[in-house]
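Hi everyone, thanks for coming. I'd like to walk you through a few spots in one model, so please have a look at the screen.

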Amino acid sequence: MEFESASPAIVKSIKQRELLNCWLRLYARHDRLPKFEDYLPERIADEADDLVYYTVHGAGELPRFTIDSDGTRMSSAYGTTGKGRYLDEYLGAKLEPIVMPIYYECVRRRLPVYTISKVSDLYGRKVDYERLLMPFSDGAGVNRILASLKTISDEGGFEIRNLMRGNDVLPEYVLRSVIERDLFHKLPGRIAPGDTIEFV
């Protein structure tokens, strides 16, 4: 499945959109990838369970990614913690060829990547797995990535435990996109004193 060109509006989750808007403000301000230490979204602590931080090693076609943290919900979804491990090794032979190209594309394009894949829980309930990757740089290529990982089911409740490894059915992508259009965040317009307001 190819990566499609997208704008920030493609991101469905309000929380993920807020995280992306903070990234966009920094990107637009300096017209380059933001530094990780400058990225300070409001209420980021509220999202801690769904965030995973990575350090990027190497600038070639196949960089490696060390997992620096592991959101507790995502640890449950994968069945084990991955902190301190390389992402490709943590994913294993079945998931590595499906997941790693998304991270490689984020580094190669130096832009956010957003994907939605379909998975099933242990009881066969369908779950959407929404992944937003945001790249950061200290000036020498992409050196950090922040992933926001959301799970939602139209069927209501679902079992997150071993969601990604609990059966033989691999995740199926319904969307793989690179966010490369409208790379700015416009704040809502404000009404200035003296403005005329018309009610119809």
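Let's begin here: in which loop is S13 found? S13 sits in the loop between strand 1 (4-6) and helix 1 (14-30); helices (H or I, at least four residues) and strands (E, at least two) are DSSP runs, numbered from the N terminus.

A quick word on the ground rules. This is a predicted model, where local features need pLDDT of at least 70, side-chain atom pairs count only at pLDDT 80 or more, and totals for chains, interfaces and linings use all residues. Residues are numbered from 1 along each chain as its sequence is written, and side-chain values use heavy atoms, leaving out hydrogens and water.

Back to our serine. S13 counts as buried because its relative accessibility is 14%; buried means under 20% relative accessible area, exposed over 50%, and partly exposed in between, with a 1.4 Å probe and protein chains only. The side chain of S13 reaches the backbone nitrogen of K15 at 3.3 Å, and a polar atom of that side chain lies 3.2 Å from the backbone nitrogen of Q16. Leaving aside neighbours within four places in sequence, S13 is in contact (heavy atoms within 4.5 Å) with E130 and K150.

Now, is V169 buried or exposed? V169 is exposed, because its relative accessible area is 61%. V169 belongs to the loop between strand 6 (142-152) and strand 7 (172-179). V119 is 50 residues from V169 in sequence, yet their C-alpha atoms are 7.6 Å apart.

Last, the cysteines. C22 is buried at 8% relative accessibility, and C106 is buried at 0%. The structure holds 0 disulfides, a disulfide being a pair of cysteine sulfur atoms within 2.5 Å.

Technical notes:
Polar contact = N/O pair within 3.5 Å; in protein donor to acceptor, adjacent residues only side chain to side chain.
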